[in-house]
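My notes follow the order in which I looked things up.

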Amino acid sequence: MRAQITSVNMTNSVDFRQYGREMVDYIADYLDNIADRPPLSQVEPGYLRKMIPDEAPIYPDKWQDVFADIERVIMPGVTHWHSPHFHSYFPTGNSYAAILGDMLSDAIGCIGFSWISSPACTELEMVTLDWLGKMLQLPDAFLSCAEGGQGGGVIQGTASESTCMALLSAKMRTIRQETALQPDRDQYEIMSKLVAYTSEYAHSSVERASMISSVRMRMLPCDEKHALRGKTLAKAIQEDKAKRLIPTFVCVTLGTTPSCAFDNLEEIGPICKDEGIWLHVDAAYAGTAFICPEFRSLADGVELADSFNFNPHKWMRVNFDCSAMWVRNKTDLEGAFQVDPTYLKHEHEGKVVDYRHWHIPLGRRFRSLKLWFVLRLFGVSQLQQHVRKQVSLAHEFESLVRTDSRFEIVADVVLGLVCFRLKGSDAQNEELLQQINKTGRIFMVGSHLNKQFIIRFAVCSDQTTSQDITFAWNAIMQETDTLLQNGITNMSNGEK
Ligand SMILES: Cc1ncc(COP(=O)(O)O)c(C=O)c1O
């Protein structure tokens with residue numbers, strides 16, 4: 001055995017065992033009692049700099065002092081995403097199973113850019129994404145275990161990176177196709193003709209992907225259910241082809257961020273296939289629900305997609321970051337940006353997956369460990385239960401809103417998100433939301449739907465119960481009563 005790594009204070013394994021136990025206890029206490037903390041941090045900008053020295057310590061601090069600073073310095077500035085009173089954005093995953101997996105990943109600390117750089121890192125990722133793909137009933141063409149197939153899955157850091165990677169790969173594929181037809185054609189001239197499409201309600205990361213990849217993006221209008229329809233896309237494609245542009249990429253969203261709407265994949269898929277356009281599916285939040293047979297039909301049409309992505313780090317109990325992406329043809333990714341320096345070569349190249357070709361960075365963590373722990377320690381059945389419980393809590397909240405004629409529900413409640421508004425002006429709704437969040441009792445965010453300001457209530461924490469739904473509704477009603485009694489005092493545009 002090698003000598004223990006030692007230092008003046010921490011960083012030997014004896015200390016680690018002791019401090020590690022203290023940290024595990026702290027984490028368990030934190031999560032057990034998280035409901036007692038205000039979900040939204042109440043600090044002002046710049047609060048933290050005043051609480052710690054201007055320079056890093058020259059000599060090691062004591063563990064006890066570092067540990068004490070968690071409550072003194074860090075926790076006041078934490079927004080508690082796992083509080084049962086947190087109803088903002090979409091959920092972000094958390095579980096002891098995933099935390100344990102990440103601990104091990106941190107300890108192994110490998111950088112799995114190629115198969116040889118840590119074979120388990122690559123192989124576990126391939127297997128867990130096959131498990132996951134089967135849980136979602138993705139077409140066999142997406143699975144790396146499929147006989148003779150070209151498909152496979154990869155863990156990206158975020159859905160944003162997945163969309164970006166899909167768009168960049170689509171761009172390179174189109175350029176290759178166009179230059180194959182006309183070898184003299186300049187690739188920068190081709191690039192200037194490419195067009196991508198998505199819905200007006202796609203996540204901001206889709207528009208950002210178009211900026212990063214320098215491919216123009218058309219944000220197309222949606223129907224009354226906030227969904228992109230095939231005929232709208234077909235019309236846009238025809239318009240662009242008439243201008244000699246090259247339709248290249250479509251990003252369909254299953255479960256949009258403003259209202260959890262579902263673009264019509266079954267209409268859009270055949271159009272993309274006929275036109276030879278790369279079809280990417282962003283199911284960042286909603287994808288987890290597809291593990292439940294009763295929600296799987298929401299993904300119908302995925303058979304025609306070139307790439308599909310969802311975030312186990314959103315709703316599937318896996319801590320950030322773990323965004324699962326599958327492609328039908330891995331050579332589209334691998335071929336997009338091939339570079340091969342000598343120091344990255346190894347003897348098994350070509351026969352194994354080298355994930356460095358599948359995403360933007362070179363380095364990658366052993367993220368499949370936390371996914372594997374979650375899949376094994378919950379099993380599919382408990383993950384399904386988690387989804388079902390949160391959807392049913394969302395419907396409970398919806399029913400409460402419907403009992404009060406001052407409010408309206410503004411989008412179908414399909415999964416764990418309820419979009420509602422006070423029947424009144426945008427200013428009233430913005431004021432109401434601000435006042436509710438100020439109380440520190442619950443935390444929600446607003447959005448725009450049909451150009452109207454709406455309030456989003458997402459069931460996020462695995463700890464949220466029916467009691468918490470009632471608690472949230474009472475907090476909303478109380479602030480509504482106050483607002484409507486007092487009139488609006490703080491409106492920016494003077495609207496009533
Ligand atoms: C539909 C959709 N796509 C993409 C994203 C971005 O996710 P990420 O933070 O993993 O990039 C979100 C985030 O909520 C989302 O709702």
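I count two strands as paired if DSSP finds at least two bridges between them. Helices (H or I, at least four residues) and strands (E, at least two) are DSSP runs, numbered from the N terminus. This is a predicted model: local features need pLDDT of at least 70, side-chain atom pairs count only at pLDDT 80 or more, and totals for chains, interfaces and linings use all residues. Residues are numbered from 1 along each chain as its sequence is written.

**Entry: the four-stranded sheet**

I began with β8 and strand β9 (residues 417-422). They pair in the antiparallel sense over three bridges. I409 stands opposite F420 in β9. I then traced the whole sheet. It is open, has four strands in the order β8-β9-β11-β10, and its pairing is antiparallel. β8 (407-409) and β10 (445-449) are the edge strands, each pairing on one side only. From one strand to the next, the twist averages 40 degrees. For angles, axes are lines fitted to C-alpha atoms, for helices over the stretch in contact, and values run from 0 to 180 degrees between N-to-C directions. Contact between two residues means that their C-beta atoms, placed from the backbone, lie within 7 Å. Helix α12 (residues 368-402) packs on this sheet and touches β8, β9 and β11 (452-458). The direction of α12 makes about 15 degrees with that of β9.

**Entry: K423**

Next I looked up K423, which sits in the loop between β9 and α13 (426-438). Is K423 buried or exposed? A residue is buried if 20 or more other C-beta atoms lie within 10 Å of its own, exposed if 12 or fewer, and partly exposed in between. K423 has 11 C-beta neighbours inside 10 Å, so it counts as exposed. Leaving aside neighbours within four places in sequence, K423 contacts R406, F407 and E408. I also checked T470, 47 residues from K423 along the chain: their C-alpha atoms are separated by 21 Å.

**Entry: the seven-stranded sheet**

I moved to the other sheet. It is open, with seven strands in the order β1-β7-β6-β5-β4-β2-β3 and mixed pairing. β1 (152-156) and β3 (216-220) stand at the edges with a single partner strand each, so one side of each is left without a neighbour in the sheet. The twist here averages 20 degrees from one strand to the next. Helix α4 (residues 119-135) packs on the sheet and touches β1 and β7 (323-327). The direction of α4 makes about 105 degrees with that of β1. Strand β5 (residues 278-282) and strand β6 (residues 307-310) run parallel, joined by three bridges. H280 has S307 as its bridge partner in β6.

**Entry: K314**

I checked the record for K314. UniProt, in an unreviewed entry, places "modified residue: N6-(pyridoxal phosphate)lysine" there. Such annotations may be inferred rather than shown by experiment. K314 is found in helix α10 (residues 312-315). It is buried, with 25 other C-beta atoms within 10 Å. Not counting residues up to four places away in sequence, K314 touches F90, P91, T92, G93, A284, Y285 and T288.

**Entry: α8 and α9**

Last, I took the helix pair. The axes of α8 (residues 230-242) and α9 (residues 265-275) come within 8 Å and cross at roughly 25 degrees. α8 and α9 are therefore roughly parallel to each other (angles under 35 degrees count as such). G230, L233, A234 and I237 of α8 meet E267, I268, I271 and E275 of α9.

Methods. Angles under 35 degrees count as roughly parallel, over 145 as roughly antiparallel, 65 to 115 as roughly perpendicular and the rest as oblique.
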